[in-house]
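User: Hi! Could you walk me through a structure I've just opened?
Analyst: Happy to, here it comes.
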Amino acid sequence: MDETVAEYIRRTVLKIPRDEIKAMLQKWGFLSQAQLETVNFHQIKENISQDVVQLCEENSADIKQAAVLDIIYNHIYPNKRIWSVYQMNRRGEETEVFDLTDFKKKFKRRLQSALKNVTINFREYEDNAIWIRIAWGTPYTKPNQYKASYAVYHSQTPYVFISASVLKSNLPLLCQALVVAANYHDIREMELRSHSLNSLKDIVFKRYSQSFQSYYPRPLQERNVAPETEDLRIVQENRSEKERIQRLNWEAFGDGPQPKLEFAQYKLETMFKSDPKMDVLDKKEPFRCLVKFSSPHLLESLKSLAPAGTADAPLSPLLTCIPQKARNYFKIREKRGLLPGSFVSP
Amino acid sequence: HLTTSLPLPSERDHLRPRIDLIVFMIDIKSKYSLKNVEASLAHVDASFFLGKVCFLVTGVGRVNYCSVEMNAICKLGEVYCSPVLFCELELEGIRNATAQRLLRMLQICAGHIPGVSALSFGTLMRNSADE
């Protein structure tokens, strides 16, 4: 077995939390159950990984099999990477029947004709998700297995979720191969990025609970606004204000859990508005400024701002539109026209 | 009675008992909180400031997140002649102790403790704070 393959397998096993190693190796299926029984999974990870490499040596593992283990690892722990969302477009209304073998063949052919040294692996999962792992090389060097890119293509949709590696130069090639293989016309990057792959899917497939503007205000009894065991000796003087905030929040965010995003970034190219007497920025040039919100769970924290009293309700639509618009990177320019203001560019 | 700002909504005036003590809570992590209290103070009748008002500063346990300056708070206490208490709501022990202090103050302000008036107690608290 190639030394580089052995090292790669060893390092992949080391990434896995100790309690999960056995299960993941079973999913991998490359080592037999009998072989797995010979490994002591209670020793330190260093030793476990050595034992596993030894067994792989017996079975003569090659890079393709090692890559499958890597895909399995990334499928279970996708949140260690940053994912971007891409949308493909077709010309016209032809709905093509999706053929998996055809897709894989076209994809491989396209990439390999442009770049000889690539390692390409596919793995299909439930919910029509095809995981593609690509390790990139150059005409003179072997593929770098440690900086692989991942693309998750849901075949019944025009969406692909890509976690590119540091080698951004290969991205156009990857996009081209996807478009050709999936029988689309072009592909564009959406302004939506996050560590949580599932949340990106929730946003793009509209799987989160959305709020709907209702013309009839919901009677208060319907909503289960959980009142903690109310002490009747405490009187809330501003109950109606609290309820107004709850209602506005519900209209903006809906009931259920929010998709998990870590950032929202707003690039401002608007004019600085100040007191004319202050004489600041007389040249009337756009004041370039970048506002970035970050949080372990951005949307939930925005949802909790008004009820916590830290912000006025309703929140700015620039913040609440994030899931509906399926973007968390915005460019805000001055609105041209009679009314001063700002508008969000597409 | 809990409220987020003054004045109190007038539609509940008839349901409200006599007010004996007003505690203004300032979250040391929020400048907004201090501004809100300053705005609400303007709506309080002057007679309350004879010992029936007190400031409670919360969140003092998290030194890293202080947004409000101590000077501003102490000044507030001086200007309105009212005592300033400090507490950390997230710690049960301090929370209970503070609640007991406030309850004691309330008893005095409501006139339940014979021989001690709200004004005399307020003066006592202020004098001991100055030392």
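Analyst: First, a term: on a 1 Å grid over the protein atoms alone, a cavity is a set of points where a 1.4 Å probe fits but cannot get out, and lining residues have an atom within 4 Å of a point. Points are joined across faces, edges and corners, and a volume is the space filled by probe spheres set on them. This is a predicted model, where local features need pLDDT of at least 70, side-chain atom pairs count only at pLDDT 80 or more, and totals for chains, interfaces and linings use all residues. Residues are numbered from 1 along each chain as its sequence is written, chains are lettered from A, and side-chain values use heavy atoms, without hydrogens and water.
User: OK, how many cavities of 30 Å³ or more are there?
Analyst: One. The volume of the largest cavity is about 30 Å³.
User: And what lines the largest cavity?
Analyst: A:L248, A:N249, A:A252, A:A306, A:A313, A:P314 and A:L315. That lining has six nonpolar residues, one polar and no charged; Ala, Val, Leu, Ile, Met, Phe, Trp, Tyr, Cys and Pro count as nonpolar, Asp, Glu, Lys and Arg as charged, the others, Gly among them, as polar.
User: Switching topic: how is chain A divided into domains?
Analyst: Into domain 1 (3–79), domain 2 (83–205) and domain 3 (245–333), with bounds from an automatic or database domain assignment.
User: How far apart are the C-alpha centres of domains 1 and 2 of chain A?
Analyst: 26 Å. Across that boundary, 16 residues of domain 1 of chain A are in contact with 17 of domain 2 of chain A (heavy atoms within 4.5 Å).

Methods. 1 Å grid on protein atoms, 1.4 Å probe; cavity = no way out; pocket = protein on both sides within 12 Å on 5 of 7 lines; lining within 4 Å.
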